[in-house]
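Subject: Structure for your reading

Dear colleague,

I would be grateful if you kept it open while reading the notes that come after it.

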Amino acid sequence: CCRWSLPNAERYALQYVDGRQTYITESNRGEIKNGSILRLTTSPDQEAERLYSGIQSNNLDVKTDSLKKLASLSQDVTFAQEFINRNGLKQIFYIVEEGNALLTCRYVAASPCASSRGKVPRGEMLAHTLKAFMELMEHDFVSWETLSAAFIKKVVSYVNMNAVDASVQQLSLSILENMVPTSHLLFELVKKEVTLDRLLTHLQVTNAQLQLKAMALLIALLLAATDAERRDMMDYLREKNIRQFIHKNIIHSSEPLGDEMAHYLYVLQSVSLNLCEDRMRTSMDPYSQEQRELLQSLRQTAFESESEAPASNFSTERRRSLCAKEFRKLGFMNNSNPAEDLRRSPPGLLALDNMVYFSRHTPSAYGRFVLENSSREDKHECPFARSSIQLTLILCEILHVGEPCSETAQAFYPMFFGQDHFFEELFCICIQLVNKTWKEMRATQEDFDKVLQVVREQITRTLSLKPTSLELFKTRVNALNYSEILKLRQTERLHQEETLAVPVLELRQRLKPELLELIRQQRLLHLCEGTLFRKISSRRRQDKLWYCRLSPNHKVLHYGDVEEGVQSPPIESLPEKIPVADMKVLLVGKECSHTKEKSSGKQNKDVLELAFSIVYDVEEYCLNFIAPTRYE
């Protein structure tokens, strides 16, 4: 300012030209890199004062432009604090709460005295206001719990209206999604005001972004709910056939499935499967009349024709002996008191539920399984009950029933959304697979564990192919018979033996320097191509993206924020830089500062596995990463 003879230097500040256009302050001036382009501009406090006045202007052009600039600058923490200190949020609340006036006509006429653009499109002003509010709240200067009920209900009304701009609805859904996890009171308010039916309506639109934001709010509500509330919500969604809709209109949509939607589908699948956890962890109560009746129904369905006529004529002792014999034929280890077999938890009562479902929904297959094995006297009978209990445990482990949702995972099974009662139907297919594999292996009781190990392998190998329907799963898992498993094992064993043979080891040692150089070049090439990363906060999974790549001369790491859909941004568009020479150390897992900021617990195990940081410069700044997968 002195060089250019500008008075009042405190009214000016330096700001990055590229990227998020952050202001330079005493706290971040050390992060300026050689080559960064800066500009002299109005200081954050002066700009905050100007925009605070501008958003109150009666000139709609000025007001709209001020709100648009506010939405952009609010990403900067210094500006945000200055604006909030001027009670700027109160004015934003006022604009939002009066927002209906902006939505009653297609266009709002601009001030006639302005050199005007003529008309302001409906919803544009409100969209800028909501965007600014979102950015200001991201800095955590103000608690979400301080928001008034009137403001929240107004945001909810934009979600519930039919004739509202999609941009306004998307931002309103995002605001509510952020709000829900912060307190149970806000969760209850949003849950009451935004019905599941309304969210389902938004999921059925063709606008992919609106669909995504509706799914994000639905997931936030499910995760914030109590176990009982979550079960009620999932029951209602099942009645509305949400799975079939997702399977048809989202998974098999003509548009490619984005990472965010894939994550939400994974969470929805996980939440649904975890409804089985309570039964899985509950042992059978031998004094429960309801549970005893379920257990007896298995025997009655299998041996009804044999026992119903003469049973009434038998003595109590004779009836007890007959029941024990029939429970033994069903494959219970403790045939005199079969409830003891179900005391093991997990799988607990979930195993009993699966057996009853199989007997009631596929009675012919159930009867065939029991009859075929109960009539064999050559020690080759496959025990139905024992197999069912172990199979239920295997399915719970494979499908991660009872485990917390990952914050980053995207691995869902498309066939899950194509079938109601997915877990039970999968069990019905797999228990018949057990019987089939048992016969193929000519197994005896001593081979029980070996058979179930083969069945686990059949299931996991088939699931890795991501079949789109249970019918396709059934076809593929049955095609993967015991002889095919043996061939695969033999091939893998031969490959392992070949790699450990002396000539191979000698050749590997000779080629090792060349291979290491090839690996180094490949890794450098991958670093130069760059990787897309997602920003994750402790409050919610972010939809913000950033990209990082190495310069072609391998001397500088370039990074910066990017928009959704950008695959490989040019290096010139990434404003932030770190010279490789300034890098001090690479931290992984628990050593990283951004993992310590998060709450501890099993739900963050996956974040710990994917987290790494680059420490650079003499001040030991950190560039923090969450890898997309374990392989990148």
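The notes below go from the chain as a whole to particular helices, strands and residues.

**The chain as a whole**

Please bear in mind that this is a predicted model. The chain holds 27 helices and 11 strands. Of its 632 residues, 46% are buried. Among the contacts with a separation of 6 or more, 66% are made by residues 24 or more positions apart.

**Salt bridges around helix 21**

A count of the salt bridges comes to 23. One of them joins lysine 439 to glutamate 372, with 3.0 Å between the closest N and O atoms. This pair links distant parts of the chain, for lysine 439 belongs to helix 21 (residues 422-440) and glutamate 372 to helix 19 (residues 363-374), 67 residues apart. Are these two residues buried, partly exposed or exposed? Lysine 439 has a relative accessible area of 41% and is therefore partly exposed. Glutamate 372, at 25% relative accessibility, is also counted as partly exposed.

Glutamate 440 has a relative accessibility of 33%, so it counts as partly exposed. Lysine 436 is partly exposed at 25%.

After the helix comes arginine 442, which has a positive phi, near 50°.

**A network of salt bridges**

Arginine 489 forms a salt bridge with glutamate 457, and the closest N and O atoms of this pair are 2.8 Å apart. Here too distant parts of the chain are linked: arginine 489 is in helix 24 (residues 482-500), glutamate 457 is in helix 22 (residues 448-463), and they are 32 residues apart. Arginine 489 is partly exposed, at 27% relative accessibility. Glutamate 457, in contrast, has a relative accessible area of 15%; buried means under 20%, so glutamate 457 is buried. Which residues make up the network of salt bridges? They are Glu457, Arg461, Arg489 and Glu492.

The model includes an open sheet of 3 strands in the order 9-10-11, with antiparallel pairing. Strand 9 (583-588) and strand 11 (621-626) are at the edges; each has a single partner strand, so one side of each has no neighbour in the sheet. On average, neighbouring strands of this sheet are turned by 20° against each other, direction ignored. Strand 10 (residues 611-616) and strand 11 run antiparallel and are joined by 6 bridges. Tyrosine 616 has tyrosine 621, in strand 11, as its bridge partner.

**The two sides of helix 9**

Which residues of helix 9 (residues 184-193) are buried? They are Leu186, Phe187, Leu189 and Val190. Seen down the helix axis, these buried residues fall within an arc of 165°, so they line one face of helix 9. Leu185 and Lys192 are exposed on the other side of helix 9. The buried residues are covered by elements including helix 7 (149-160), helix 8 (166-179), helix 11 (208-224) and helix 12 (227-239).

**A buried residue and an exposed one**

Serine 387 is part of helix 20 (residues 384-398). Its relative accessibility is 0%, so serine 387 counts as buried. When neighbours within four places in sequence are left aside, serine 387 is in contact with Cys382, Ile431, Val434 and Phe448.

Aspartate 140 lies in the loop between helix 6 (124-137) and helix 7. The relative accessible area of aspartate 140 is 52%; exposed means over 50%, so this residue is exposed. How far apart are aspartate 140 and valine 77 in sequence and in space? They are separated by 63 residues in sequence and by 9.9 Å in space, C-alpha to C-alpha.

With kind regards

Key:
Residues numbered from 1 in each chain as written. Predicted model: local features only at pLDDT ≥ 70, side-chain atom pairs only at ≥ 80, totals over all residues. Heavy atoms only, no water. Salt bridge = Lys/Arg side-chain N within 4 Å of Asp/Glu carboxyl O. Helix = DSSP H or I, 4+ residues; strand = E, 2+ residues; numbered from the N terminus. Buried < 20%, exposed > 50% of the residue type's maximum accessible area, 1.4 Å probe, protein only. Pairing = 2+ DSSP bridges. Axes fitted to C-alpha atoms, helices over the stretch in contact; angles between N-to-C directions. Arc of directions from axis to C-beta. Contact = heavy atoms within 4.5 Å.
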